[in-house]
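Biologist: Please walk me through this model, and start with whatever I need to know to read the element names.

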Amino acid sequence: MEQFLQYINLNWFFCTIIFTIIYGIVDYMYKVAAMHNCQAHQIINKSAATISILSFGIILITGSEFVDIKSLLFFAAINSAFFALGSIVKIKALERIPSSIVFPVSKLNSVFLIVYALVLFNDKPTLSQWIGILISLSMLVYISFNINDKSNKVRVEHVNSNIQIIGLIFAVLAAFSTSISMLTGKFASTEVSKLNYIFISYTFVMLYTFIFNHTIFSKKLSFIDIATKRKTLVFGIIIGILNFVGYFLVLNAFETGPLSLVQGISSNSFIIPIILSVIFFKENFDYKKMIVVGMAIISIILIKMEF
């Protein structure tokens, strides 16, 4: 176990590949939750509570100490606020437009993060890495331009162009919010204890969403049936467990790897929920999306080659 932990602390590429897969599955679970009429703020509350409990349990087992409380609270407050906002608006976007649009647009956070990396951290990718990054970004832009494609229409009668525009705005807001959250994680990964930072961050998220649930959304909660509440709890726990593992790997990747390259790879996570949505929700998967999947694989290989 110690050798494995030491390995992930040193191998940012391994961490990035694994958390990219995990976050792809998490995004798909958000889609499933939205299709089952689970409230976004409720899902985030249950998942945050799961992460908080898991991280606190491991803190007790490992004896990780709460040092530099001011920095922990500072980073956690910023991360939790933007994570909660980004997660909720992403689910709201999924209620209005298909996953083949939401996930690529929301993954445009990579554009923001790569700019942050070049300006704030002076990252200097090699030629092949630049090509891989540009391929990743071009895929996101390409798919985003297909929002008016008939094959991308949500297959429900009440959806119109105005609802799609609102969904697109939510997806863009999710991208920006997530970029701030991830940038905060980059700074926190080298400044504070990872487990303690995760615990405080997601405890804040749990408190934010609890307050929202019992103030702004209190009327909606009274109309939720028992079956939906059970589904919300199950989805929340599953998403929470995946998010805990994924975010721990994110922080390890950020600690030792260049932010621009980590994001260049992780931006491809959107292909996983698209494929899963095609399989289970019968969303259209044409030759255009097949090309995108192939390009995603090529971009990861180029980023790893480093020539």
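Modeller: Helices (H or I, at least four residues) and strands (E, at least two) are DSSP runs, and they are numbered from the N terminus. The model is predicted, with local features needing pLDDT of at least 70 and side-chain atom pairs counted only at pLDDT 80 or more, whereas totals for chains, interfaces and linings use all residues. Residues are numbered from 1 along each chain as its sequence is written, and side-chain values use heavy atoms, leaving out hydrogens and water.

Biologist: OK, how many helices and strands are in the chain?

Modeller: The chain has 14 helices and 0 strands, and its pattern along the sequence is accordingly α-α-α-α-α-α-α-α-α-α-α-α-α-α.

Biologist: And what share of the residues counts as buried?

Modeller: Of the 307 residues in the chain, 53% are buried, where buried means under 20% relative accessible area, exposed means over 50%, and partly exposed lies in between (1.4 Å probe, protein chains only). Helix H12, which covers residues 259-266, is mostly covered, with 8 of its 8 residues buried. Its buried residues include Leu 259, Gln 263 and Ser 266.

Biologist: What about contacts, how much comes from residues 24 or more positions apart?

Modeller: Such pairs account for 90% of the contacts in the chain with a separation of 6 or more, a contact being heavy atoms within 4.5 Å. Ile 298 sits in helix H14, residues 287-305, and is partly exposed at 45% relative accessibility.

Biologist: Switching to charges, how many salt bridges does the structure hold?

Modeller: The structure holds 2 salt bridges, each defined as a side-chain nitrogen of Lys or Arg within 4 Å of a carboxyl oxygen of Asp or Glu. One of them joins Lys 90 to Asp 27, with the closest N and O atoms 2.9 Å apart. Lys 90 belongs to helix H4 (residues 69-94) and Asp 27 to helix H2 (residues 12-35), so this pair ties together parts that are 63 residues apart in sequence.

Biologist: Are Lys 90 and Asp 27 buried or exposed?

Modeller: Both Lys 90 and Asp 27 are buried. Helix H4 also contains Lys 92, which is buried with a relative accessible area of 15%. Setting aside residues up to four places away in sequence, Lys 92 touches Gln 39, Ala 40 and Phe 170.

Biologist: Which residue does Lys 194 pair with in a salt bridge?

Modeller: Lys 194 pairs with Glu 255, the closest N and O atoms being 2.5 Å apart. This pair links distant parts of the chain, since Lys 194 is in helix H9 and Glu 255 is in helix H11, 61 residues apart. Lys 194 counts as buried at 15% relative accessibility, whereas Glu 255 is partly exposed at 34%.

Biologist: At what angle do H9 and H11 pack?

Modeller: Helix H9 (residues 194-213) and helix H11 (residues 226-256) pack at about 130°, with their axes 11 Å apart. The axes are lines fitted to C-alpha atoms, for helices over the stretch in contact, and angles run from 0 to 180 degrees between N-to-C directions. That makes H9 oblique to H11, because angles under 35 degrees count as roughly parallel, over 145 as roughly antiparallel, 65 to 115 as roughly perpendicular and the rest as oblique. The contact includes Lys 194, Tyr 197 and Tyr 202 on the H9 side, and Phe 244, Tyr 247 and Glu 255 on the H11 side.

Biologist: How far apart are the axes of H3 and H11?

Modeller: The axes of H3 and H11 are 7 Å apart, and the two helices pack at an angle of about 45°, which means that H3 is oblique to H11. Among the residues that meet are Ile 43, Lys 46 and Ile 51 in H3, with Phe 235, Gly 236 and Phe 244 among those in H11.

Biologist: Last topic, the backbone: what is the phi of Asn 37?

Modeller: Asn 37 has a positive phi of about 65° although it is not a glycine. Most residues other than glycine have a negative phi. Asn 37 is in the loop between H2 and helix H3 (40-62) and is exposed at 58% relative accessibility.

Biologist: And where is Asp 68 found?

Modeller: Asp 68 is in the loop between H3 and H4, and this residue, which is not a glycine, has a positive phi of about 55°. Asp 68 is partly exposed, with a relative accessible area of 42%.
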